[in-house]
Every structure is written in C-alpha cells, then in structure tokens.
Amino acid sequence: MAAMMNTSETKSQETDDRTHLRFQVELEFVQCLANPHYLNFLAQRGYFKEQSFINYLKYLLYWKKPEYAKFLKYPQCLHFLELLQYEHFRRELVNPACAKFIDEQQILHWQYYSRKRMRISLPKSSVQTGSTAEGEPS
C-alpha cells in the first residue's frame, strides 16, 4: 500500500514539474513575440506557413487572460500574438523592412509614453505656479 502511495506521489510530482516547465517555456516564447526581428526570423524560416504552428499560436491566446498576463514583462507581446492570428500579418513579416518598421514604431511609442509619464508624475512646484510661500502671487 505504501509503495502505491509513493508511486502516485511521484507521478503527481512529475506532472507538477512538467506543468511548471511548460508554463515557463510558453511564457518565454510568448514574450519573444514582442521582438519584431524574432517574428521576421520565424517568418523567413516558414513557421507561419505550418498549420500546426498556427494552431499553437491560437492556443497561446490564453495568455491574454489576466491570471496569466500578470506574469508578462513585455505586454506588447499580446498585441503581436493577436496580430499573428491573421494570415496577412504573418505573410508581411517575411520582409525585413516590415520588422524594422514595427521595431521603430515600438521605440517611438515607448519614447512618447515615457515622456508623457514623466510630465504627469512631476509635481508642480510653487515656482512654476508663480506663488510665494505665503500663497500670495509674486
């Protein structure tokens, strides 16, 4: 009886280890989709023409659920994962100029929003408003 329990505990541990490993591998792969040059690499090697790979990309859409998305460091990967569901987008990625354009647009987006966040987070000083310590205009 004890041997049977040990065997079932071992199998349960193996299943948990496999589940954890699968989670890590899929998390890493989904985050790689945030890199347009990696997408170009996959497209040039024909992955986006294989139905099994396209099915895998569809399966990975579960990462959009909040309980999974919270683990992502690069949330823009979800946008690319969504775009990869469309054949036209997958076809265009073969062109290196397309990947370069997407990369440049991402950088511009980050620059714009990082400046915008800086402006929002900076406290307004009394010098900017033109008031003195007593609250009277200078």
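Among contacts in the protein between residues at least 6 apart in sequence, what percentage join residues at least 24 apart? The share is 66%. The legends below describe a predicted model.

Figure 1. The secondary structure comprises eight helices and zero strands. Of the 138 residues in the protein, 25% are buried. The protein exposes about 10,500 Å², and carbon and sulfur atoms supply 58% of that area.

**Figure 2. The largest nonpolar core has 24 residues.** L33, F48, L57, W63, L84 and L93 touch the most other members of this core. Helices α1 (2-32), α2 (36-44), α3 (51-59), α5 (76-83) and α7 (96-121) each supply at least two of its residues. The largest share, four residues, comes from α5. In soluble globular proteins, nonpolar side chains tend to be buried together.

**Figure 3. L57 and its contacts.** Apart from neighbours within four places in sequence, L57 is in contact with F29, L33, F48, L81, L84 and Q85. L57 is also one of the residues that touch the most other members of the core.

Figure 4. P36, L39, N40, L42 and A43 are buried in α2. Seen down the helix axis, the buried residues of α2 fall within an arc of 160°, so they line one face of the helix. Just after α2, G46 takes a positive phi of about 85°.

Figure 5. A search of the whole structure finds four salt bridges, and two of them are described here. In one, R22 pairs with E26, and the closest N and O atoms are 3.3 Å apart. R22 and E26 are four residues apart in helix α1, which separates them by about one helical turn. E26 is buried, with a relative accessible area of 5%. In the other, the side chains of K100 and E104 meet at 3.5 Å, N to O. Both K100 and E104 lie in helix α7, four residues apart. K100 is partly exposed at 49% relative accessibility, and E104 is partly exposed at 37%. An α-helix has 3.6 residues a turn, so residues three or four places apart point the same way.

Figure 6. The side chains of K64 and E82 form a salt bridge, 2.6 Å from N to O. This pair links distant parts of the chain: K64 is in the loop between α3 and α4 (66-69), and E82 is in helix α5, 18 residues apart. K64 is partly exposed, with a relative accessible area of 41%. E82 is also partly exposed, at 27%.

Technical notes
Residues are numbered from 1 along each chain as its sequence is written. This is a predicted model: local features need pLDDT of at least 70, side-chain atom pairs count only at pLDDT 80 or more; totals for chains, interfaces and linings use all residues. Side-chain values use heavy atoms; hydrogens and water are left out. A nonpolar core is a set of buried Ala, Val, Leu, Ile, Met, Phe, Trp, Tyr and Cys residues joined through side-chain atoms within 4.5 Å. Buried means under 20% relative accessible area, exposed over 50%, partly exposed in between (1.4 Å probe, protein chains only). Contact means heavy atoms within 4.5 Å. Accessible areas come from the Shrake-Rupley method with a 1.4 Å probe; for residues, only the protein chains shown count as cover. The arc is that of the directions from the helix axis to the C-beta atoms.
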